[in-house]
Amino acid sequence: MEGLTTSSLPINPPKMKKSSALHVTSIKTQDKPPSTVLPPPSKYPTSANPKPKKNTTDSRIATTTTRPISPRPPLETSLSFPVTFCNTLEDIINNFIDPPVLRPSVDPRHVLTDNFAPVEELPPTPCPEIRGAIPKCLQGGTYIRNGPNPQYLPKGPHHLFDGDGMLHSLLLPADGDPILCSRFVNTYKYKLERDAGAPVAPNVFSGFHGLPGLARGAVMAARVLTGQMNPLQGVGLANTSLAFFAGRLYALGESDLPYSVNIDPVKGEINTIERCDFNGRLSMGMTAHPKKDMATGELFAFRYGPMPPFVTYFRFDPAGNKLADVPIFSVQTPSFMHDFAITEKYAIFSDIQIVMNPLGMVLGDGSPVGSDKGKVPRLGVLPRYATNESEIRWFEIPGFNMMHSLNAWEEEGPNGEQHLVLMAANVLSIEHALDNLDLVHSCVEKVRINLKNGDVSRTPLSAGNLDFGVIHPGYLGRKNRYGYLGVGNPMPKISGIVKLDFSLTGSGDCVVASRDFGPGCFGGEPFFVPSSWDDGTDEDDGYVVSYVHNEQTGESTFVVMDARSPQLEIVAEVALPCRVPYGFHGLFVSQEELKSQRPF
C-alpha cells in the first residue's frame, strides 16, 4: 500500500516483568495467560509492552512509569460476606445460566480478538520515527480518540460497546518527537472496579438479556443495598467520543454525565478531572454527539432514556453554562437516539427503529434494547432556540434509520419555500445494528424536507458501506460540499476513507477521492483538520487524520492525508510505539485550544 507500509519500523516489544506486590481477585487484561483468547503480546504489542525506542533525553517526559494502582483486596478470604455472596451468584449466572458460549456475538473469545483486544495504559512516550512532515496546522495540537477497552477480562457476556473508556492521545509538538499517551477515563465504574480488583457492574449491552439479565439486575440491586456501589455516582463508561468547548475537554458516553479531562500541552499526559453536572443543571446523561456551532461558540445536546420524557433537548452558552431543558413529550416510546443534527435555525431528531423495551427482557428472552421493524422512522424538527416543544414537527420517513449525521442546513426552494437538508448515514440492516455489527451496511443519503408542504425526498450518494463521517467543523449547520467517511469492511473495521462531493447528488456516485489502507490494514473514524480558519480558504483545504493498524505485523500508525488529493495522499505518518486498538470517535485539539484549557 502506497505510503503506509511500516515494515521498516519493526516492533519487537520486550517482555515486561510482572510485579509480585499485587494480589488480585480477577485477571487484569495485561496479565492474561497465553492460552486465553487475547493474542500474545509478542504478536500484538500492548501499551504495557511498547516497542524499543531510540534513546531520548526529552525533558518534557517526566516519567515512563505507570500510575500507582489503588490497593485491592489481597485475597478472596478477606472479602466481606455480601461481596463474596454477590460474586458467587454472578459466577453461577455466567458459568451455568448464561455462559457467553451460547451467544457468540457477545462471547469475549470472539469479541476481544485481534486489534479489539484491550491494552494497558501507556504513560507519555516519544514516537521518534516519522515519515514525511507534520503539517503546520497540526503542530502543537493533539489528536485524541476514545474507545472501549475493558479493564478486566469479562467474566460473562461482553459486547464491544461494554468496554471502559480509554483515550489515546498523540501530541504533535512543533519541536521534538510526537508523544503518545493512553489512559483510562477514570469514571466511577472504572475506579470502583479498580479498587475491587474485579468487575462489579454488569455489562449493559450484553448482560441484561432475558431471565439471566433479571438475575444480574437482582445481584446489582443487592450490591447497591449492601453499599458495594452507588449508581447515583454514575455507571457509565465514557467510551464513545470527546468534545471541546468553553475551554474544557470532555470524554462522553450517553449513559452518564460528561467526564472532564485535561491534556498537558507540553508533556502530553492525560488526566481525568471530574464527573460534570454543570452546577447541578445536568442530570442522568448526555448524547455522545453534541454539536458545537463554531460561529457562535454554543453547544447543543440532548439526552434520552427509558423513562419519560424519553428525550430532552438543551444547550450550553459559549461560556459553558447549561441552559434550561426542553422536554420532548411527543416521543411517546423510548428510542435509541444516538445522534442528531442542527442548522442555523433548527435541531433535528431521528426517532429510529432501535427501541428500548425493558418488558422484552421480562416477558420474553430478549434484550432491553432491540429493533422494532413495525415502527416507522421519523425526523423531528424543532426550532433551535425553542423553550418548549410546541413547535416541533414530525416527518415520517419509512426505512430511514440514522445512527450518525454528517451535516444539515436550510435552503430556499424553487418557489421561495424553505427546505431543510440533512446528510446522514442510513443503516439499511437495522436488525443487526447492535448484535451483529459485521452485517451492518450503511448508505449515505441526502434527505430534503419541504417545510411548507411536508414533502420529503431521499437521494443516495453512494452504494458503498459508509459511516463514521465528518466534515470541516466550521461548516456545521451550514451548507457545505464535502464529507469524509470510513469504509466498513466489515463494520466496525474501517478499510479506507472516501471523500464525497455533495454537489454531485443525483448524478450517480458522489465519491471523488479515496484511500485504501491496504491488505490487513484498518483504521477508524477520520477527522478533518482545516489548514487555516481564514475566510476565503477552500472548504477541503486541510488534512484527514486517523489511527491505522496493520493486523499482519501488529503495528499501529498515525496517518495524515491530504484532503484535496484524489488519492487522499499520505503526507505524514508516525510509527506508534505500541498497538492502538480500534475505537469509536476522535477529535483534534489545536495548540491554541490546549493552551486555553481552563482550570477546575
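The legends below walk through several close-up views of a predicted model.

Local features are described where pLDDT is at least 70 and side-chain atom pairs where it is 80 or more, while totals for chains, interfaces and linings use all residues. Residues are numbered from 1 along each chain as its sequence is written, and side-chain values use heavy atoms, with hydrogens and water left out.

**View 1. The largest nonpolar core has 43 residues.**
A nonpolar core is a set of buried Ala, Val, Leu, Ile, Met, Phe, Trp, Tyr and Cys residues joined through side-chain atoms within 4.5 Å. Buried means under 20% relative accessible area, exposed over 50% and partly exposed in between, with a 1.4 Å probe and protein chains only. Look for Ile144, Leu170, Leu180, Leu249, Phe558 and Leu576, the members that touch the most others. Leu249 is in contact (heavy atoms within 4.5 Å) with residues including Ile144, Tyr259, Ile263, Leu587 and Val589, when those up to four places away in sequence are not counted. A second, separate core of 37 residues has Leu112, Ala347, Leu382 and Ala386 among its members.

**View 2. Two cis peptide bonds can be found here, at Asn489–Pro490 and at Met491–Pro492.**
For orientation, most peptide bonds are trans. Omega is near -10° for the bond from Asn489 to Pro490 and about 5° for the one joining Met491 and Pro492. Pro490 lies in the loop between strand 25 (482-488) and strand 26 (494-501), and Pro492 is found in the loop between strand 25 and strand 26 too. Strands (E, at least two residues) are DSSP runs, numbered from the N terminus.

**View 3. Asn279 and Phe468 have positive phi values.**
Most residues other than glycine have a negative phi. Asn279 has a phi near 60° and sits in the loop between strand 9 (270-275) and strand 10 (291-292). Phe468, with a phi of about 55°, belongs to strand 24 (residues 466-470). Which of these residues is buried, and which is exposed? Asn279 is exposed, at 76% relative accessible area, whereas Phe468 counts as buried at 11%.

**View 4. Four strands form an open sheet in the order 20-21-22-23.**
The pairing is antiparallel; two strands pair if DSSP finds at least two bridges between them. Strand 20 (402-412) and strand 23 (456-460) are at the edges with a single partner strand each, so one side of each has no neighbour in the sheet. From one strand to the next, the twist averages 20°. Strand 22 (residues 442-450) pairs with strand 23 over five bridges, and Arg448 stands opposite Ser457 in strand 23.

Methods. Axes fitted to C-alpha atoms, helices over the stretch in contact; angles between N-to-C directions.
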